[in-house]
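Hi,

Here is the structure I promised to pass on. Have a look through it first, and then read on for what turned up.

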Amino acid sequence: MSIRKIIERLLFLVVVIWTASTITFFIPRISSRNPIRERFGQLARTGGFSPDDLEIIIESYNQKFGLDKPLWEQYADYIGSIARLDLGVSLYQYPKTVSELIQEAIPWTLGLLVVTTILSFIIGNVLGAVAAWPRAPRWLRSIATPFILFMGVPPVLLAVFLLFFVAFRLKALPLGGAYSIGVVPNQSLKFYLDVLRHQLLPALALIFGTVGGWVLSMRGMGVTIQGEDYVLFAEHKGLSGFTIFRDYYLRNALLPQVTGFALALGNMVTSGIVIEQLFGLPGIGTVLYNAIKANDYLVIYGVVLFITIAIATLMVLVELLYPLIDPRIRE
Amino acid sequence: MTTTMISQQEFLQPSRVILFFRYLRRNPGLFIGFFILIGLILFTVIGVLTIDSSDAYPLSVKPKQPPSLEYPFGTDFYGRDLLAAMVVGMWQTALIGVLAGALGTFIGVALGFISAYFGGRLDNTIKGVCQILQPIPVFLIQVVIAGSLDKRDVTIYTMALIVVLLAWMWPTLVIRSQVLSMKERQFVSVAKLSGMGDLEIIFAEILPNLLPFIAASFVWSVFSAVFTSFYLAVVGLGPLREPLLGNTIWAAQSQGAFFNGWWWWPLFPAIAMVLILTSLALINMGLDELANPRVRRME
């Protein structure tokens, strides 16, 4: 890959991040809501200071956050702080910064999403490849059908059903939370097993809710690869069916799926956020959900921007690394 | 020599409706999708006509009742009859879906046509905007917009608008690529040579051939509108007063419905949502197959 292509993609990444930050800067300013006034109005109602003081406090905070400056200057400051990876402070848990909140939550989200994304990718692609492989036994090929049939069902709905059947009816797994009530987080094996038990249902919902997409696209890919000359050649060489399947058919069909992987990240993260909130897991999604509930705008925008930057960066990374794993498009 | 009599009927070309039903038999996904959708529409229409929709709002019936003959889906913590809430919720879901879907498809078709047919700088701009917006998770931007709104301003209609704001990109790209390929076909060149104007070619020649694609992207838009408005409602950004299906699940979850044993509260809206999304996804896949002769199963 040429240096020029790399620079081009990096520039694209900068444009995407700039667009996302511009959107998160201007939308709140178009709206009629004033986060600082709302927050202090709330505090004033619960007692503490008189309404006269309220105006003075709001003014001084506007000054402190630079909200009295002209819009273009605020915008320049904002873009500057994003470039320094400074996402601002929480209005509700002041003086905690958004970055601190994200840092506390990110291990939970990463743990859940990385494992489920990879498992969903593997399961979906193998099932899809088998479904398109004419020599596979019929029952094996038909395993994929229900996944395609229920492709439209979002993981969140699967989570509701899993909660009902597995956690509520069978009482086999907990109904929610990151670990059992009354347990203090520690480094023991027992604690990790407890956490794992709590992660099982959200993970299952995420995996089964996203497998269908992979099955469908892999089946389509597999059908086109079957007709290729090299598959025919491998057959005539007398290679065993499994070798052909693994080395000639799966590998070639799998590579283009990697580019789809980057696109699927967005959906995965979206579903992960909603699932976390449904199960009460203390990840990024719950930070976002609590911020929505408390009208903590700066946290909402900070978290949204953080996720967007993460996804866009991963997408560009996958695109740049792709030639390394697929020799066919290496120049 | 004997001549076999052939009844006149066999010469007649079957009507379009019959052909359509024959096609449905070959495309079971489309058939099942339509079947579920008709069932859902019947449920909603009969429900709207026979049920007092004011029962779908708080403090109208005895709260926390499990499913019984009087309340087939039970009642919730706030004293809503869940059957009435489901009927109203499905009606509102359909409203959001169809409104946002129609608007999104319209914008997508218009932009896709302009982009592909006129090409040049306009095409590059539209394509560029779509490419830049693509890596940004649409749902998160919708969270920002919905979160910036005053809670009182959030209604079914603002939900539809928020959902449509970023939902036109996919239809635009699909229609664009179709028009690009269609532009090069012979019948368009013939039309051009015979002196037809741009608008006439678009409306009389290209548009009719694109109808299956437009139908498929309409169903896709409805699907994504229902999907994203459901997600927004599940995280508590929906119109809180309304019994939208996502709102009901959000309310159930924030009251700890499973912890308290009120299993029916989140379960029935979830089943309804699964049926809606599955039928739309199946119809979309079926229409894709219908529109794209290369994957259409021949018989």
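Which residue lies over the face of Phe168(A), and at what distance from the ring centre? The residue is Lys171(A), at 5.5 Å from the ring centre. Before going further, please keep in mind that this is a predicted model.

Rings and charges

Phe168(A) also belongs to a cluster that ring pairs hold together across both chains: Phe164(A), Phe165(A) and Phe168(A) are linked there with Phe73(B), Phe258(B), Trp263(B), Trp264(B) and Phe268(B).

Over all chains, the structure holds 26 aromatic pairs. Take Phe245(A) and Tyr249(A): their ring centres are 5.5 Å apart and their planes stand at 40 degrees, so the pair is tilted. A tilted pair is one whose angle falls between the 30 degrees limit for stacked and the 60 degrees limit for edge-to-face. Both residues sit in helix H11 (residues 241–279) of chain A, four residues apart, which is about one turn of the helix. Phe245(A) is buried at a relative accessible area of 10%, and Tyr249(A) is buried too, at 0%.

The nonpolar core

The largest nonpolar core has 142 residues, and within it Leu157(A) and Leu288(A) touch the most other members. The element that gives the most to this core is helix H13 (residues 297–325) of chain A, with 16 residues. Apart from it there is another core, made of 16 residues that include Phe113(B), Ala191(B), Leu210(B) and Ile214(B).

Which residues does Leu288(A) contact, once neighbours within four places in sequence are left aside? In chain A they are Ile273(A), Ile300(A), Val303(A) and Val304(A), and in chain B they are Leu140(B) and Val143(B).

A buried threonine

Thr286(A) is part of helix H12 (residues 284–293) of chain A. Is this residue buried or exposed? Its relative accessible area is 15%, and because buried means under 20%, Thr286(A) counts as buried. Not counting residues up to four places away in sequence, Thr286(A) touches Glu276(A), Gln277(A) and Leu281(A).

Salt bridges

There are five salt bridges over all chains. Side chains of opposite charge can pair when their charged atoms come close. Here are three of them, with the setting of each:

- Glu104(A) and Lys96(A) meet through their side chains at 3.0 Å, N to O. Glu104(A) is partly exposed at 47% relative accessibility, and Lys96(A) is partly exposed at 26%.
- Asp247(A) forms a salt bridge with Arg246(A), with 3.1 Å between the closest N and O atoms. Asp247(A) is partly exposed, with a relative accessible area of 37%, and so is Arg246(A), at 42%.
- Arg176(B) and Asp123(B) meet at 2.8 Å, N to O. This pair links distant parts of the chain, 53 residues apart: Arg176(B) is in helix H7 (residues 169–183) of chain B and Asp123(B) in helix H4 (residues 120–133) of chain B. Arg176(B) is buried, with a relative accessible area of 12%, and Asp123(B) is buried at 10%.

Happy to talk any of this through when you have a moment.

Best wishes

Definitions and conventions
Residues numbered from 1 in each chain as written. Chains lettered and ligands numbered in written order. Predicted model: local features only at pLDDT ≥ 70, side-chain atom pairs only at ≥ 80, totals over all residues. Heavy atoms only, no water. Core = buried A, V, L, I, M, F, W, Y, C linked by side-chain atoms within 4.5 Å. Buried < 20%, exposed > 50% of the residue type's maximum accessible area, 1.4 Å probe, protein only. Helix = DSSP H or I, 4+ residues; strand = E, 2+ residues; numbered from the N terminus. Contact = heavy atoms within 4.5 Å. Phe/Tyr/Trp six-rings, centres within 6.5 Å; stacked < 30°, edge-to-face > 60°. Lys NZ or Arg CZ within 6 Å of the ring centre and 35° of its normal. Salt bridge = Lys/Arg side-chain N within 4 Å of Asp/Glu carboxyl O.
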